[in-house]
Amino acid sequence: MSRADRFLRACRGLPVDTTPVWIMRQAGRYLPEYQAVRSRVGFLELCKRPDLATEVTLQPVDRLGVDAAILFSDILIPVEAMGAPVIMGDAGPSLPEPVRDESAIDRLRVLEPESVGFVLDAVRMIRAALSDQVPLIGFSGAPFTLASYLVEGGGSKSFIEIKRLMFQRPELAHRLLDKLAKSMGRYLAAQVGAGAQVVQIFDSWAGVLAPEDYETFALPYTRQVIEALPAPRVPVIIFGTETAGLLERLRDTGADVVGVDWRIEIDVARARLGPGVPVQGNLDPCALFLPREHLARRVEDVLRRAGPSGHIFNLGHGILPPTPVDSAIAMVDIVHERGRARASQ
Ligand code: CP3
């Protein structure tokens, strides 16, 4: 078995030669070669230039030896193409025209994947450049997380605007979520058509929802996105943060792999999800600031708790810009080395 197979096999719960590993935001500001590209072009331009998106997608594959590549883009790119302007500032994204009433929701267009042809071109270029060294992950935001950005107008701490819409004008919230679900279904299907071999749905803010509200406003729409994928379906990873209260419901979206953040032990998560549900995670991104021997202990602990199959090693959220590159490289090496010993036991 080779580096090319282990990630796809783990997504299906099949035996592997060693635990596959990749890192959320693996092409990002902690990498000096990414910074070099970014010093020449803005973030959104980088997303819209398939040649540059291909270059930065490959950087961590070469530098870290990870077992999957992830399309370089952002969850807000298709939202912009639906008609909501997006500004990417240093403090994160902002949407200067928040979508809070009926007419704003009705003005949003259901995504035509051709309007983000640069993303599909990037997928094709990346696949060609990878020449099957490792599989390519496509992605989108989940309807709820995207609706949060649209209604809040950016990131949020309290999520008061999206929740106010959900609780005071539920029919409008549902109309917005349905538009986003239709759009993301088409978007991911188009990425798969262009060559994405796995897709990850980022429901980064799902953890702000009470379970009852996740069931009403998030789960059915994520399920709708997954059901829009062509058969035979590529593996789908569902990811969110602070989701320890929602794990079974994340699984019930129909996703094949459930992402787990570091706020719960991954064996506890697996026991809750039941046998045969592959998981991805779950090292605290800040563990990469530990001295190497402590990092090794934490990595081993995740591997031991997760078990030798149906586990994709990852951080519990994106890698942070000040992370030392050597620490990320060490993490990948430790996973492969210890994972190999475990797989052969
Ligand atoms: O994982 C990867 O390497 C692929 C690329 C990727 C980016 N964003 C690049 C990016 C992916 C998968 C995303 C998804 C994304 N974008 C999410 C879901 C994942 C998560 O972290 O929960 C969210 C919530 C966003 C929205 C977003 N985009 C935020 C909050 C920020 C600012 C925070 C930050 O880390 O800078 C961005 C900007 C962004 N997206 C950057 C990158 C590399 C940094 C932009 C820069 O180069 O200045």
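## Strands, cis bonds and pockets

Me: Over how many bridges do strand β4 (residues 136-141) and strand β5 (residues 198-202) pair?
Reply: Strands are DSSP runs of E (at least two residues) and helices of H or I (at least four), numbered from the N terminus. Two strands count as paired if DSSP finds at least two bridges between them. For β4 and β5 the sense is parallel and the number of bridges is five.

Me: Which residue in β5 stands opposite Gly 141?
Reply: This is a predicted model, in which local features need pLDDT of at least 70 and side-chain atom pairs count only at pLDDT 80 or more, while totals for chains, interfaces and linings use all residues. Residues are numbered from 1 along each chain as its sequence is written, and side-chain values use heavy atoms, with hydrogens and water left out. In β5, the residue opposite Gly 141 is Phe 202.

Me: Which strands stand at the edges of the seven-stranded open sheet?
Reply: The order is β1-β4-β5-β6-β7-β8-β9, with parallel pairing. An edge strand has a single partner, so one side of it is left without a neighbour in the sheet. The two edge strands are β1 (69-70) and β9 (311-315).

Me: Is Asn 282 buried or exposed?
Reply: Asn 282 lies in strand β8 (residues 279-283). Its relative accessibility is 6%. Buried means under 20%, exposed over 50% and partly exposed in between, with a 1.4 Å probe and protein chains only. Asn 282 therefore counts as buried.

Me: Which backbone oxygen does the side chain of Asn 282 reach?
Reply: Heavy atoms within 4.5 Å make a contact. Leaving out residues up to four places away in sequence, Asn 282 touches Val 302, Asn 314 and Asp 261, among others. At 3.1 Å, the side chain of Asn 282 reaches the backbone oxygen of Asp 261.

Me: What is omega for the cis peptide bond that joins Gly 281 and Asn 282?
Reply: Most peptide bonds are trans. Another cis bond runs from Ala 231 to Pro 232, with omega near -5°, and Pro 232 lies in the loop between α12 (219-227) and β6 (236-239). For Gly 281 and Asn 282, omega is about -10°.

Me: What is phi of Glu 242?
Reply: Most residues other than glycine have a negative phi. Arg 25, in the loop between α1 (3-11) and α2 (32-38), has a positive phi near 65° and counts as exposed because its relative accessibility is 57%. Glu 242, in the loop between β6 and α13 (247-251), is partly exposed at 48%. Phi of Glu 242 is also positive, near 55°.

Me: How many residues line the largest pocket?
Reply: A pocket is an open set of points on a 1 Å grid over the protein atoms alone where a 1.4 Å probe fits, with protein on both sides within 12 Å along at least five of seven lines; lining residues have an atom within 4 Å of a point. The space in the largest pocket is about 1,200 Å³. Arg 25, Arg 29, Asp 74, Gly 92 and Pro 93 are the lining residues nearest its centre. The lining residues number 37.

Me: Which element gives the largest share of the lining of the second largest pocket?
Reply: About 240 Å³ of space lies in this pocket. Asn 282, Leu 283, Asp 284 and Arg 297 are among its lining residues, and the elements that give two or more are β8 and α15 (292-306). The largest share, five residues, comes from α15.

Notes: Polar contact = N/O pair within 3.5 Å; in protein donor to acceptor, adjacent residues only side chain to side chain. Points joined across faces, edges and corners; volume = space filled by probe spheres on them.
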